[in-house]
Amino acid sequence: MSSLLSYVVMVYALYMVLKVYISFMQIGYIKDEMRKEAVLLDPEDYASAGRYAVTKEKMSILGSFIEFWIFLFWVGFGLSWLQNSIHLENDILQAVVFVDVLIIINYFIGLPMDIYEKFIVDTKFGFNKMSFSLFVLDSLKGAVLFLIFGSAVIAGIAYFVLNFELWWL
C-alpha cells in the first residue's frame, strides 16, 4: 500500500473513531436527558422520543462499522477489481460505468440496513406509514433519476478530466 493510500486510510479510520465516539456521547446525553422531567411533551411521548433517538444512534454506530469495512474492501481490493472488470473503448463511458457500478453495489450492500431501519425501527416507533411496494417504487424512481442525471454529471466530469490537462485549476 502506498504511503498516500495509508495516510488516507488512517485519516478515514480516525474520522470513523470520532464519529462513533460522538454517537456514544450522544447516547449518554440522551439517556441523561430522559431522566429529566418532560417539558413540552407528555412523559410517555418524551420517553418514546428518547428511546427512538438512542435506537437511531445505535443504528448509526452499526452503519459506521459497516461503512468502514466497505471502505477497506474498496480501497484494498474492490476498486482495482472493478477497474479490471470494465473494458470499454470510450474512456468517458468507462468512467460513467465504473462510478455507476460502484454506487449500485454500495446501494445494494446498504439496502438491508435501510430496510431494517425503515420497516423495523421506524415502524416500531410509529414513524413509518410506507408500504414495502411504495418503498420499492421510490427506490426504482431514485435509481432511474440517478442513472439519468448522475451519469450525465459523471460524464461531464470525466470529459473535463480527460480533455483538459489542468482540469483541477
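Contact here means heavy atoms within 4.5 Å. Keep in mind that this is a predicted model.

With that cut-off, take Asp100, which sits in helix 3 (residues 91-124). Skipping neighbours within four places in sequence, Asp100 touches Phe146, Leu147, Ser151 and Ile154. What about a charged partner? Asp100 is buried but has no salt bridge, and the nearest side chain of opposite charge, Lys141, is 21 Å away.

Elsewhere, charges do pair up: the count comes to five salt bridges. Here are some of them.

| Salt bridge | Closest N to O |
|---|---|
| Glu67 and Lys19 | 3.6 Å |
| Asp122 and Lys56 | 3.9 Å |

Asp122 lies in helix 3 and Lys56 in helix 2, so this pair ties together parts that are 66 residues apart in sequence. Asp122 is buried, at 10% relative accessible area, while Lys56 is partly exposed at 25%. Both belong to a salt-bridge network that also includes Glu117.

Then there's the salt bridge between Glu67 and Lys19. Glu67 is in helix 2 and Lys19 in helix 1, so the link joins parts 48 residues apart in sequence. Glu67 is partly exposed with 32% relative accessibility, and Lys19 is partly exposed too, with 24%. As for Lys36, its relative accessible area is 47%, so Lys36 counts as partly exposed.

Now for the helix packing. Helix 1 (residues 3-34) and helix 2 (residues 43-85) pack at about 170°, their axes 9 Å apart. That angle makes helix 1 roughly antiparallel to helix 2. The residues of their contact split into 21 nonpolar, five polar and seven charged.

Methods
Residues numbered from 1 in each chain as written. Predicted model: local features only at pLDDT ≥ 70, side-chain atom pairs only at ≥ 80, totals over all residues. Heavy atoms only, no water. Axes fitted to C-alpha atoms, helices over the stretch in contact; angles between N-to-C directions. Helix = DSSP H or I, 4+ residues; strand = E, 2+ residues; numbered from the N terminus. Parallel < 35°, antiparallel > 145°, perpendicular 65-115°, else oblique. Nonpolar A, V, L, I, M, F, W, Y, C, P; charged D, E, K, R; others polar. Buried < 20%, exposed > 50% of the residue type's maximum accessible area, 1.4 Å probe, protein only. Lys, Arg positive; Asp, Glu negative; His and termini not counted. Salt bridge = Lys/Arg side-chain N within 4 Å of Asp/Glu carboxyl O.
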